[in-house]
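Please open the model in your viewer and keep the selection tool at hand. The stops below follow one another along a short tour.

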Amino acid sequence: MTEVDSLHRHTKKRLIILSLVIALFLDLIPFPQPLAGWLPAFTAMMTLYWSLHRPQNIGIGMAFVLGLLIDVGIGTPFGQHALGLMAAVYLIEQNRHQMLGYSYAYQALTIFGCLMLMTLILVVVHFFSTHQFSGWNLFVSPFISALLWPLLSKFMLYLAYSRRL
């Protein structure tokens with residue numbers, strides 16, 4: 001067991017819920033369309049983070065619920081984000097033990113792959129529901145999210161460590 005595992009083992013559920021609620025609110029803020037594609041997927045990143053470090057609390061079921069909340073909040077076809085987020089969390093759950101041994105750079109690459117899969121699912125579902133391609137700007141968000149992954153991990157470790165003292 002690593003020090004990170006022992007820190008997250010004592011993380012209170014309030015911190016998990018609060019971080020997911022804040023991420024959900026950040027995703028629901030309406031931004032202009034050109035800027036919206038450049039923003040990271042806050043809820044997806046936080047869900048993947050907690051499914052990596054606390055899989056007993058955040059799993060595929062919670063990913064489904066959070067995806068439905070995003071769909072309702074931004075008015076996309078019902079289940080679109082839920083399907084994408086569930087697929088990403090499934091990949092994290094299958095590779096969890098390997099990922100915990102990786103450096104932040106390799107974790108960011110894995111997160112990039114999961115978020116790219118989620119984005120591809122969103123684009124395919126959007127195409128089948130509207131018969132229009134949603135644009136290439138959606139594919140920028142996984143890059144930005146992967147670049148921010150080490151910062152998110154360090155910040156959440158800081159919060160877990162400060163709560164423990």
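Begin by selecting Gly75, which lies just after H5 and takes a positive phi of about 80°. This is a predicted model, in which local features need pLDDT of at least 70 and side-chain atom pairs count only at pLDDT 80 or more, while totals for chains, interfaces and linings use all residues. Residues are numbered from 1 along each chain as its sequence is written, and side-chain values use heavy atoms, with hydrogens and water left out.

Helices here are DSSP runs of H or I with at least four residues, strands are runs of E with at least two, and both are numbered from the N terminus.

Within H5, colour Ala63, Leu66, Gly67, Leu68, Ile70 and Asp71, which are its buried residues (buried means under 20% relative accessible area, exposed over 50%, and partly exposed in between, with a 1.4 Å probe and protein chains only). These buried residues pack against helix H2 (13-28), helix H4 (42-53) and helix H6 (80-94), where contact means heavy atoms within 4.5 Å.

Now move to Ile29, which sits in the loop between H2 and helix H3 (33-36) and is partly exposed, with a relative accessible area of 38%.

Finally, select residues 104-128, where the chain is 100% helix and 0% strand and the end C-alpha atoms are 36 Å apart.
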